[in-house]
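We will go stop by stop.

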Amino acid sequence: MIYPIVAYGDNVLRKEAEDFPEGSEDLTQLVENMFETMYNANGVGLAAPQIGMSHRIFVIDSTIMGDEEDKAKGVKRAFINPEIVDEYGNEWSFEEGCLSIPDVHAEILRPEKLTINYFDELWNEHEEEFDGLTARVIQHEYDHLEGVLFTDYVKGLKKQMLRSKLVGISKGNVDVGYRMKFPLKK
Ligand code: NI
């Protein structure tokens, strides 16, 4: 099932998401639907708040990003109730985008590596280290669970230039190839 993706400006994208309750039977189905929704929009990551659910879940597929080496190192994974334990390594810049903020891209600095504790969709617990593009996607999606968007890191003149575009997106003034829910659309 493909969910509509919530656009910039919706309050759900600004809330700190709650842990997903263990024992909820619909977890594997939800994860499957989130992957379907992400692939339908040609995304590499999707967090539950982006489908209007304020729960600590995101899915990523970094096997479809970058060059052959990046793809080989990539992972397709669901992260349930994740906690980033540590971030380290040199900060590096990468041009990010977001399915909730179509047509907007910006170079964002983030640390190269991280260690994350999480559960998979079968409730097995993992603690794992990731780097490169996979770490980048995890950091972006993890931010969604904290109510943070990549555009929050854009400052100064660039942010001023972005503002009207962001308002336009929340009103639905954007041409996008997947179904969205716009908070200010009349
Ligand atoms: Ni995003």
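Predicted model: local features only at pLDDT ≥ 70, side-chain atom pairs only at ≥ 80, totals over all residues.

Residues are numbered from 1 along each chain as its sequence is written, and side-chain values use heavy atoms, with hydrogens and water left out.

**Stop 1: the sheet**

Colour by secondary structure. Helices (H or I, at least four residues) and strands (E, at least two) are DSSP runs, numbered from the N terminus. Five strands form an open sheet, in the order S2-S3-S4-S5-S6, with antiparallel pairing. Two strands pair if DSSP finds at least two bridges between them. Look at the edges: S2 (45–47) and S6 each pair on one side only.

Select S4 and S5 (residues 106–119). They pair over 12 bridges, in the antiparallel sense. Click Ile84: its bridge partner in S5 is Ile116.

**Stop 2: the nickel ion**

Which protein atoms are the donors of the nickel ion? Select Cys98 (SG), His140 (NE2) and His144 (NE2), which lie 2.1 to 2.2 Å from the ion. Cys98 is in the loop between S4 and S5 and His144 is in helix H3, so the pair ties together parts 46 residues apart in sequence. Donors are N, O and S atoms within 2.8 Å of the metal (3.2 Å for Na, K and Ca); water is not among the atoms, so sites may look incomplete.

**Stop 3: the largest pocket**

Along with Val44, Glu96, Gly97 and Leu99, Cys98 is among the residues nearest the centre of the largest pocket. A pocket is an open set of points on a 1 Å grid where a 1.4 Å probe fits, with protein on both sides within 12 Å along at least five of seven lines; lining residues have an atom within 4 Å of a point. The lining has 25 residues. H3 gives the largest share, four residues.

**Stop 4: the second largest pocket**

Select Trp92, Phe130 and Thr134, which are among the lining residues of the second largest pocket. Helix H2 (68–73), strand S6 (125–131) and H3 each give two or more residues to this lining.
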